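This note sets out, point by point, what may be read from the model shown below. Please consult the coordinates alongside each paragraph.

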Amino acid sequence: MNKKQPYMNAGAAILFVIFGLLFFVLLYRFYSIQITGEVGGQPLTAKAQQKYSKEGIIQAARGDILDRNGEVVAEDAAAYTLIAILDKKMTTNSKKPKHVKDPSKTSKQLSQIIDMDESEIYRVLSEGIKKKRFQVEFGKAGKDISHQTKKKIEALGIPGITFIRDSKRFYPNGIFASHLVGYKESIVQEDGTNKIVSMGIEKQMDDELTGKNGKINYESDLWGFLLPDGEEKITPAQNGNDIYLTLDKKIQTFLEDAMDQAVKQYKPKKIIAIVADPKTGQILAMGQRPTFHPKTKEGIDKSWHNEAIETSFEPGSTMKIFTLAAAIQENKFDPNEKYPSGSYRVTPKDQAIHDHNGSGWGPITYLEGVQRSSNVAFAKIAKEKLGFDKFREYLSKFGFDKPTGIELPEETSGKIQYTYPIEKITTAYGQGTAITAIQQIQAATAIANDGKMLKPHVVEKIVNHDTGKTIKEVTPEIVATPISAATARKVRDILETVVTSPKGTGGRYKIDGYSVAGKTGTANIPGPGGRYLQGPNSYMFSFLGMAPKDNPKLIVYVAVQEPQLKGEETGQGAIPVSAIFNPVMQNSLHYLNIQPSTVVKAAVNKLPKLKGQSVDDTVKSLNASGYDTVVLGSGTKITGQLPEAGTAVLEGEKVIIQTDGDLIAPDMTGWSLRDVMKIANLAGLKLNSKGKGYVVQQNLKPKAVLRNGDILIVDLKTPEELWDEAKKATKDEQGKTEENSEDKVQD
């Protein structure tokens, strides 16, 4: 017998026991799992569900921002990021490569479409291949690719070139109330984290605009593909709500164009302008310069703040409107009472204050003091007529010591300096104390709206993006009644004389056909060391006006800081301010169909219905009745008319009739903007006007065929401008130099 045999038998026995134990352990584990359905305390079904159940995100769209008429101001639009797949493993079929196979050829093809040099594209691809990256992007040139550009690139069939779909905020109007509308975007920082930057309505109404993403759960195979009979569970996305602004696209465009012209001609440091409806408190337009483009952000480094909301400044003499209103309300203003103009010392210890011309105009009435914008008149009103305590009450009644609460972020409040006597009288005429432009607009609604002061609003309503149902509608809100209706009417009557009186500082703000009530302002600008800037143009020039005077439909505020005025214009701040105020007010009143308040007396008749009648017979009849008839078209039957049937029209007014033939452009030389608008409305033209007064040039030549959607551009000039041009032409021809005899009126 072999001596090793017992040891071998013993080893085999031990191995048998070990494998037997392992078998029973596995058997126990198998039955345990079968019976309990759990592993490690977790259900196997849940584990399987987790492995084979996938979840996808359904992106919610951000709500649109629209103007009061439903014109889109901001919306989400599809945008794409261009990427190049570099990993060869993506290609499973050599005949259909899924990665960039030829970097040189790819670079040449892409450079013809995207804004990136061929050499730079090649460098990006080569470095990516060298570093064995899966994919690469192309920086700014490869982001925000439009659908049209995407299709061009796809048509080239470049291997490995594909896109990541995203949504991008789109602002179709470009520079358009940019600081009010604002923007929102995510910026990737150096550490790789995202920083959200926003401003304006995009920031203030972010909760309403931001939707809630949905999701989709589905069963997939091992590779993540949807199983044919797999269950799907979809939670729909909730898109953000739409915000309808009170802005009117047309009026905002009037404002933007006027500011652009003022910047081009006078190059001011700053412009602030607001158009408001005094009956509702709605802001119809708001703008500033410098501004920025909401897509490219070009210019935002020059002015990040909404100057009308976030910046307070000394208003200058526009503050006199409210000092005057307080005095009339308290029966302390006698327009015929005289006072000594020139200078005034509130206490023997205080420095004397002076009228803007230094010496005054001798003894004058308080009415003339208002017209001439006398600082002394308003200092005496505050101290001797009202009393400082009573005047301070009215500053609060007009809302100058608190924000208005407008739906815009970062609104600041006024800073009323009212400790020392000298501060109290300078506040009465707009110096020392600082307030915001929007506070002035709010206070002015009390003057324009018969004593009722309305809170300013930029949001009209909030609407469900998917259903179109209105969620919230903003209604006019009376925040105070600082003065009576009778006082408001008296204030407007006096402010009208600021514009109409030969002694008034507001002569440049006359508008043909409309009575304007308002007040000029010339405010000092603080400089280094706490001293005011010096120089004839170193002021904030402004005008706060309303029209028509008896029942104001619009309030317009314009402020222009440090315009570059030269020669005889030096110090004449009303020149650049009126260059904005006048066309904006006049064009807006025309656009809103506000009838002129002052017209030549003429016969008034209601226009009959002309549709379907013979063109020749109708023209004869209308001309016989004293109307200026213009035929728009070459047909024989009338298909439309403006003014509409039943409208009261004046003798001599233009009546436009549309025929059933081709629409032919008339010669509009000498026409008013109001009559040009009739042509634009009937023919479906997009109207752009430059200047004020009467048409001197039109882009669509007379007798040209008009088509719906054509752009009609008209240049207008006042009779004064035409007269000046004629004089200049005569002087050039004769080689003579004549002096300009225009009177200077400085506030």
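Throughout this note, contact means heavy atoms within 4.5 Å.

1. Basis of the note. The model is predicted: local features need pLDDT of at least 70, side-chain atom pairs count only at pLDDT 80 or more, and totals for chains, interfaces and linings use all residues. Residues are numbered from 1 along each chain as its sequence is written, and side-chain values use heavy atoms, with hydrogens and water left out.

2. Overall composition. The secondary structure comprises 21 helices and 37 strands; helices (H or I, at least four residues) and strands (E, at least two) are DSSP runs, numbered from the N terminus. Of the 747 residues in the protein, 46% are buried. Here buried means under 20% relative accessible area, exposed over 50%, and partly exposed in between (1.4 Å probe, protein chains only). Among contacts between residues at least 6 apart in sequence, 69% join residues at least 24 apart.

3. Lys549 and the loop from β26 to β27. Lys549 is placed in the loop between β26 (539-547) and β27 (554-561). Because its relative accessibility is 10%, Lys549 counts as buried. Beyond its neighbours within four places in sequence, Lys549 is in contact with Arg492, Asp493, Glu496, Ser515 and Ala517. Pro548 is found in this loop as well, and the peptide bond joining Ala547 and Pro548 is cis, with omega about -15°.

4. A further cis peptide bond. Leu642 and Pro643 are joined by a cis bond with omega near 0°. Pro643 is found in the loop between β30 (638-642) and β31 (648-650). For reference, most residues other than glycine have a negative phi, and most peptide bonds are trans.

5. Positive phi values. Lys267, in the loop between α9 (249-266) and β13, has phi near 45°, a positive value in a residue other than glycine. Lys267 is partly exposed, with a relative accessible area of 47%. Ser373 is buried, at 1% relative accessible area.

6. Helix α11. How many of the ten residues of helix α11 (residues 320-329) are buried? Nine are, so the helix is largely enclosed by the rest of the structure. The buried residues of α11 are Lys320, Ile321, Phe322, Thr323, Leu324, Ala325, Ala326, Ala327 and Ile328. Just after α11, Asn331 takes a positive phi of about 55°.

7. Helices α13 and α14. Two packed helices are described by the angle between their axes and the distance between the axes. The axes of α13 (residues 375-386) and α14 (residues 388-397) come within 7 Å and cross at roughly 115°; axes are lines fitted to C-alpha atoms, for helices over the stretch in contact, and angles run from 0 to 180 degrees between N-to-C directions. Ala382, Lys383 and Leu386 of α13 make the contact with Phe388, Lys390 and Phe391 of α14. By class, these residues divide into four nonpolar, no polar and two charged. Ala, Val, Leu, Ile, Met, Phe, Trp, Tyr, Cys and Pro count as nonpolar, Asp, Glu, Lys and Arg as charged, and the others, Gly among them, as polar.

8. Thr365. This residue lies in strand β19 (residues 363-365) and, at 19% relative accessibility, counts as buried. Leaving aside neighbours within four places in sequence, Thr365 is in contact with Pro335, Asn336, Glu337, Lys338 and Tyr339. Thr365 and Pro335 are 30 residues apart in sequence, with a C-alpha to C-alpha distance of 6.3 Å.

9. Ala276. Strand β13 (residues 270-276) contains Ala276, which counts as buried at 1% relative accessibility. With neighbours within four places in sequence left aside, the contacts of Ala276 are Gln282, Ile283, Leu284, Ile441, Lys553, Leu554 and Ile555. Between Ala276 and Gln442 the separation is 166 residues in sequence and 9.1 Å in space, C-alpha to C-alpha.
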